[in-house]
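Keep the model open as you read.

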Amino acid sequence: MISLKVNGTVHEVDADPGTPLLWVLRDNLGLTSVKYGCGEGMCGVCTVLVDGRAERSCVTTVESVQGSEILTIEGLPADHPVKAAWTELQVPQCGYCQTGMMLQAVDVLTARPDLPDGEMAAAMDSVACRCGSHPRVIPAMRQAAGKMKEEKP
Ligand code: FES
Ligand code: FES
């Protein structure tokens, strides 16, 4: 049995220790927001937060994240500045990449809400979007960053 803390709840899952986190989240825990793309750590659509850092769940074994706090988009509060900005500025098109995109943005902005646009864009290039949503991602990140800076103590 593997013990995983996901979105604040501890789950005991019957999985081989080497199973990619992606499949345990989707198949064992029903968190289908976590998407499969390349399966090789290249496209970013499977991104989740592990102890606050964006990780590619397709190349992360469940064994390696026991004891960590795992967050999927279901666990990100509806009023989180990133989720709110994404909704307000209607960033998604088909939506397939967007859960990974938002969680990558949370990681980037939590570390550096004052990041210049160019560096923000470079940090988000690692999540692939076939619909071409990147031009809407940066304004949404700028809006979210403003809110996150206000909220910072
Ligand atoms: S499916 Fe994980 S990086 Fe592409
Ligand atoms: S919104 Fe369709 S792949 Fe990104």
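**From a helix to the core**

Ala-105 sits in helix α3. Helices (H or I, at least four residues) and strands (E, at least two) are DSSP runs, numbered from the N terminus. This is a predicted model: local features need pLDDT of at least 70, side-chain atom pairs count only at pLDDT 80 or more, and totals for chains, interfaces and linings use all residues. Residues are numbered from 1 along each chain as its sequence is written, while chains are lettered from A and ligands numbered from 1 in the order in which they are written.

Is Ala-105 buried or exposed? Ala-105 is buried, because 29 other C-beta atoms lie within 10 Å. The cut-offs are these: buried means 20 or more other C-beta atoms within 10 Å of the residue's own, exposed means 12 or fewer, and partly exposed is in between, with C-beta atoms placed from the backbone. Leaving aside neighbours within four places in sequence, Ala-105 is in contact with Val-82, Met-124, Met-141 and Ala-144. Contact here means that the C-beta atoms of two residues, placed from the backbone, lie within 7 Å. Lys-152 is 47 residues from Ala-105 along the chain, and their C-alpha atoms are separated by 17 Å.

Now widen the view. The largest nonpolar core has 40 residues. Such a core is a set of buried Ala, Val, Leu, Ile, Met, Phe, Trp, Tyr and Cys residues joined through C-beta atoms within 7 Å. Ala-105 is one of the residues with the most contacts inside this core, and the others are Leu-25, Val-82, Met-102, Leu-109, Met-141 and Ala-144. At least two residues each come from β1 (2–6), α1 (21–28), β3, β5 (69–71), α2, α3 and α5 (134–151). Helix α3 gives the most, with seven residues. Why does this core lie between domain 1 (2–75) and domain 2 (81–151)? The core lies between them because both domains give residues to it. The domain bounds come from an automatic or database domain assignment.

Next, take α1. Its Leu-21, Leu-22, Val-24 and Leu-25 are buried. The buried residues of α1 pack against β1, β2 (9–13) and β3. Beyond its neighbours within four places in sequence, Leu-25 is in contact with Val-6, Leu-31, Val-34, Val-48, Ser-57 and Thr-72. Gly-30 follows α1 and has a positive phi, near 70°.

Turn to the domain pair. The C-alpha centres of domain 1 and domain 2 lie 21 Å apart. Across the boundary, 15 residues of domain 1 are in contact with 13 residues of domain 2. On the domain 1 side that touches domain 2, β3 (47–50) and β4 (53–56) each supply at least two residues. The largest share of that side, three residues, comes from β3. By class, the side has eight nonpolar, five polar and two charged residues. Ala, Val, Leu, Ile, Met, Phe, Trp, Tyr, Cys and Pro count as nonpolar, Asp, Glu, Lys and Arg as charged, and the others, Gly among them, as polar.

Finally, look at two loops. Most residues other than glycine have a negative phi. Asp-51, in the loop between β3 and β4, has a positive phi near 50°. Asp-51 is exposed, with 11 other C-beta atoms within 10 Å. Gln-90 lies in the loop between α2 (81–88) and α3 (98–111). Its phi is positive too, at about 50°. Gln-90 counts as exposed, because it has 10 C-beta neighbours inside 10 Å.
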